[in-house]
Structures are given as structure tokens and as C-alpha cells.
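This briefing goes through selected features of one model, grouped by topic. Please look at the structure before reading the points below.

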Amino acid sequence: MLKVPLGTAIASEQPSSRTGEIITTGEPGWFALKDRPELNGRDIVRPNQEVDELGRPNVTFRFTAKGRVAFERLTRKIAKRGRAAAIGPVDGYGAEGLSGHIATVFDGEVKTRPIVNFADFPNGIDGRTGAQISGGFPNIGAAQDFVTILKIGGLPINMALLSQQMLQPRE
């Protein structure tokens with residue numbers, strides 16, 4: 001049995017092709033993540049499916065004031081960690097392999113892992129104008145599904161007891 005340290009969450013990710021298509025027959029990968037995310041769905045506002053300059057589907061969104069600060073702090077930390085891993089000067093393409101990711105997790109599954117390229121964003125990404133996730137969406141439907149997940153993640157959910165039943169042990 002695997003024991004997970006307190007404060008750690010395990011998330012799975014289905015393998016995908018270079019175009020972002022999920023390989024349903026593949027074995028999932030597993031990630032150990034901090035149980036307390038830097039951002040949550042309530043920090044993201046106005047998610048929207050769009051297309052990038054090459055016509056590929058992407059997702060854009062904005063942040064609440066708290067979310068903007070958290071996003072900038074997180075991406076700065078990721079960029080600095082990537083830069084520290086580099087030995088000497090590195091171009092944008094080389095930096096991509098050394099750069100870290102932001103995992104977007106929903107229901108214990110990694111939905112996206114965009115790269116924070118330290119060559120492009122050495123001090124992190126300024127969230128004042130929002131952010132976009134591009135690449136990794138094989139089609140517009142997948143990007144639209146991700147927008148739906150972002151919207152659901154931001155909804156306030158109230159949980160209440162609907163019914164209670166006492167069970168008697170069998171003799």
C-alpha cells in the first residue's frame with residue numbers, strides 16, 4: 001500500500017499525443033502535488049475558448065485580484081526554478097525542456113500542464129491582463145470542455161445533508 005505524506009495529493013494524467021489527443025488505451029501517469037493549491041477555481045474569472053494566431057484552439061481567462069497576485073507569484077517561482085536548472089545561456093527552445101509546469105487538476109486528474117518558459121517570462125507572468133493556455137488542445141471541443149471545467153471549478157458549492165440512515169449489522 002502506498003502511503004502519501006500529509007499535505008500531498010495524488011493526481012493522474014492520461015498520456016496524450018503531440019497534438020494533445022488523449023491516448024485512451026495508455027496507462028496514466030501519476031503526480032504528487034501539494035494538497036493546498038496556489039490558485040483555485042474561484043481565483044479564475046471569464047474563461048473563454050478562442051484561437052491563437054495560427055488558428056489553434058486555446059483558452060483565455062482573467063483573475064480576481066487575489067488570483068492575479070497568486071498567479072504571478074507562482075509563475076515567478078516556476079521561472080526562477082527553471083532558470084536555476086540551466087547551465088549557461090539557454091535559448092527559448094532549450095529553456096522549454098528545463099522549464100516547469102503549472103498543473104490544472106480537476107477531480108484528481110491533471111487536465112492541463114502548460115509550461116512557464118523562463119526564457120520568455122524570466123520574472124513570471126504578469127496576471128493583470130489575464131492568461132492563456134495554448135497548445136495541448138487537439139480540437140475546439142477539448143478547449144471548450146476545459147472552459148467548462150474552469151467555470152465549474154469556480155462555482156460556489158454548498159454541501160448539505162440530504163438524508164441519514166442508520167444501518168444495523170447483520171447477525
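This is a predicted model: local features need pLDDT of at least 70, side-chain atom pairs count only at pLDDT 80 or more; totals for chains, interfaces and linings use all residues.

Is Arg68 buried, partly exposed or exposed? Arg68 counts as partly exposed because its relative accessibility is 26%, which falls between the limits of 20% for buried and 50% for exposed.

**Salt bridges**

- The whole structure contains 8 salt bridges.
- One of them joins Glu72 to Arg68, with 3.4 Å between the closest N and O atoms.
- Both residues of this pair belong to helix α1, where Glu72 and Arg68 are 4 residues apart, or about one turn of the helix.
- Lys77 and Glu38 form another salt bridge through their side chains, at 3.1 Å from N to O.
- Lys77 is in helix α1 (residues 65-85) and Glu38 is in the loop between β2 (29-34) and β3, so this pair ties together parts 39 residues apart in sequence.
- Lys77 is partly exposed, its relative accessible area being 38%, and Glu38 is also partly exposed, at 30%.
- A further salt bridge connects the side chains of Arg113 and Glu13, at 3.0 Å from N to O.
- This pair links distant parts of the chain, 100 residues apart: Arg113 sits in the loop between β7 and β8 (115-116), and Glu13 sits in strand β1.
- Arg113 counts as partly exposed because its relative accessibility is 35%.
- Glu13 has a relative accessibility of 18% and therefore counts as buried, the limit for that class being under 20%.

**The sheet β3-β4-β9**

- Three strands make an open sheet in the order β3-β4-β9, with antiparallel pairing.
- β3 and β9 are the edge strands, each of which pairs on one side only.
- On average, and with direction ignored, neighbouring strands of this sheet are turned by 20° against each other.
- Helix α3 packs on the sheet and touches β3, β4 and β9; the directions of α3 and β3 make an angle of about 175°.
- Strand β3 (residues 44-51) runs antiparallel to β4, and 6 bridges join the two.
- Val51 has Pro57 of β4 as its bridge partner.
- The hairpin of β3 and β4 has 5 residues between the strands, and within this hairpin Gly55 takes a positive phi near 85°.
- On the other pairing of β4, 4 bridges connect this strand with β9 (residues 131-134) in the antiparallel sense.
- Asn58 has Ser134 of β9 as its bridge partner.
- Strand β4 (residues 57-63) is mostly covered, with 6 of its 7 residues buried.

**Helix α3 and Ile152**

- Ile152 is part of helix α3, which spans residues 140-153.
- With a relative accessibility of 37%, Ile152 counts as partly exposed.
- The C-alpha atoms of Ile152 and Phe106 are 9.6 Å apart, while the two residues are 46 residues apart along the chain.

- Most residues other than glycine have a negative phi.
- Arg46 has a positive phi, near 50°, and is not a glycine.
- Arg46 is placed in strand β3.
- Arg46 counts as exposed because its relative accessible area is 58%, above the limit of 50%.
- Asp107 is not a glycine either, and its phi is positive at about 55°.
- Asp107 is found in the loop between β6 (104-106) and β7 (109-112).
- The relative accessible area of Asp107 is 72%, so this residue is exposed.

**A nonpolar surface patch**

- Val4, Ile10 and Trp30 form a nonpolar patch on the surface, and together they have about 310 Å² of accessible area.
- Ile10 belongs to strand β1, residues 8-13.
- Ile10 counts as partly exposed because its relative accessibility is 36%.

How values were computed. Residues are numbered from 1 along each chain as its sequence is written. Side-chain values use heavy atoms; hydrogens and water are left out. Buried means under 20% relative accessible area, exposed over 50%, partly exposed in between (1.4 Å probe, protein chains only). Two strands pair if DSSP finds at least two bridges between them. Patches are made of residues with over 30% relative accessible area and no salt bridge: like charges are joined within 9 Å, nonpolar side chains (Val, Leu, Ile, Met, Phe, Trp, Tyr) within 5 Å. Accessible areas come from the Shrake-Rupley method with a 1.4 Å probe; for residues, only the protein chains shown count as cover. A salt bridge is a side-chain nitrogen of Lys or Arg within 4 Å of a carboxyl oxygen of Asp or Glu. Axes are lines fitted to C-alpha atoms, for helices over the stretch in contact, and angles run from 0 to 180 degrees between N-to-C directions. Contact means heavy atoms within 4.5 Å.
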